[in-house]
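The following note comments on one structural model, point by point. Please read each point with the structure open.

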Amino acid sequence: ELTYFNGEFVEPGAKVVSIDDRGYTFGDAVYEVTRVVNGRCFAWSYHQDRLYRSMREMDIPVKMTPDDLTELLEIMCEQSEIKDGYIYLQISRGAAPRHHAYDRSKLEPQMLMYIKNLDMDAIRKDEDGVKAICLPDERWLHVDIKTTNLIPNILAQTKAEKKFAYSAILFRDDICTEGACSNVFVVKDEICYTHPADNKILKGITRQMILTRVAPSIGVTVIEKEFDRAFVEDADELFFTDTIGGVIPITKLERNVVGDGKPGKVTKRLQESLNKLMEEGLP
Ligand code: PMP
């Protein structure tokens, strides 16, 4: 474990953040989570592009060039010697006496980053299939920006875990958007469906990997379109995708089994193919 804050390495859990930091008082910050596989960041350039986009959308000035940031992540991987893990990176707008409106000229963005080990056994266990519940999507209309302001997500995730589910599938006006902390795919007649990457979902990097690399490489068709709860309930297969878990088969939806209650055939192929890509690595 290694922690970085504003230009230096600090003790993990160090109390270094100002109580006036807007990340703390308003959730006024953006973040990324990247997987470390075989001691290297997987698909970092994709995460980096999304991070800089989030900052542009939030009007947070960029203080570090993409090359310098990439180098910093490489140093984190090397110095920590972590092989299987993840990096959490957060940039807040900065610290100022509490006032809703911000003044860009008076704020210095604050960057926090840490690298931690992952329990790969727990991740492998989820690959055998998990339970999901359905909940209303109560978030704002710019969830394509990856901000730390995650109240609806954490409430939904807590409700799910209280029901012994892995996570929740969210519905906005009966349309399935995504998971509480992942994207959602439905498989019907061997074709995959997922919500279009608009303002109502986070454009997940794992989702992008499935769409642009993994599915094409094994001849699976993925269609980006809106679908409703009845379509989800009628699915042959269902799965979540996210950076930490990869492809996570959903084998139980509320009280019902999905398909025959085992991870679906298409889901399994995508999962294996994604895991292979992660082993190979991608800049
Ligand atoms: N949607 C939400 C709401 C998320 O929080 C996440 C990340 N945990 C994802 C989708 C998946 O994105 P990624 O594949 O980039 O991890």
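1. Glu 190 counts as partly exposed, because 13 C-beta neighbours lie inside 10 Å. On the scale used here, a residue is buried with 20 or more other C-beta atoms within 10 Å of its own, exposed with 12 or fewer, and partly exposed in between, the C-beta atoms being placed from the backbone. Glu 190 sits in the loop between strand 10 (183-188) and strand 11 (191-194). Helices (H or I, at least four residues) and strands (E, at least two) are DSSP runs, numbered from the N terminus. The phi of Glu 190 is positive, about 65 degrees, although Glu 190 is not a glycine.

2. The model is predicted: local features need pLDDT of at least 70 and side-chain atom pairs count only at pLDDT 80 or more, whereas totals for chains, interfaces and linings use all residues. Residues are numbered from 1 along each chain as its sequence is written.

3. Asp 173 also deserves a look. Its phi is near 50 degrees, a positive value in a residue other than glycine. Most residues other than glycine have a negative phi. Asp 173 is placed in the loop between strand 8 (167-172) and strand 9 (175-179). Is Asp 173 buried or exposed? Asp 173 counts as exposed, because it has 9 C-beta neighbours inside 10 Å.

4. For the chain as a whole, eight helices and 15 strands are assigned. The radius of gyration, taken over C-alpha atoms, is compared with a globule rule of 2.2 Å times the number of residues to the power 0.38. The chain has 19 Å, which agrees with the value near 19 Å for a compact globule of 283 residues. The C-alpha trace spans about 55 × 40 × 30 Å along its principal axes. Of the 283 residues, 40% are buried.

5. Two residues are in contact if their C-beta atoms, placed from the backbone, lie within 7 Å. Among contacts in the chain with a separation of 6 or more, 71% join residues 24 or more positions apart.

6. The chain is divided into domain 1 (2-118) and domain 2 (123-280), with bounds that come from an automatic or database domain assignment. The C-alpha centres of domain 1 and domain 2 are 26 Å apart. In the interface, 21 residues of domain 1 are in contact with 14 residues of domain 2. On the side of domain 1 that touches domain 2, the elements giving two or more residues are strand 3 (29-37), helix 2 (44-58) and strand 5 (85-92). Strand 3 supplies the largest share of that side, eight residues.

7. Which elements give two or more residues to the shell around the ligand? A residue is near a molecule if its C-beta atom, placed from the backbone, lies within 6 Å of it. Of the 13 residues around the ligand, Leu 202, Gly 204, Ile 205, Thr 206 and Thr 243 come nearest. The elements in question are helix 6 (205-217) and strand 13. Helix 6 gives the most, with three residues.

8. Asp 236 is found in the loop between helix 7 (229-233) and strand 13 (237-242). Asp 236 is partly exposed, because 17 other C-beta atoms lie within 10 Å. Not counting residues up to four places away in sequence, Asp 236 touches Val 187, Lys 188, Asp 189, Gly 259 and Gly 264. The C-alpha atoms of Asp 236 and Gln 79, 157 residues apart along the chain, are separated by 45 Å.
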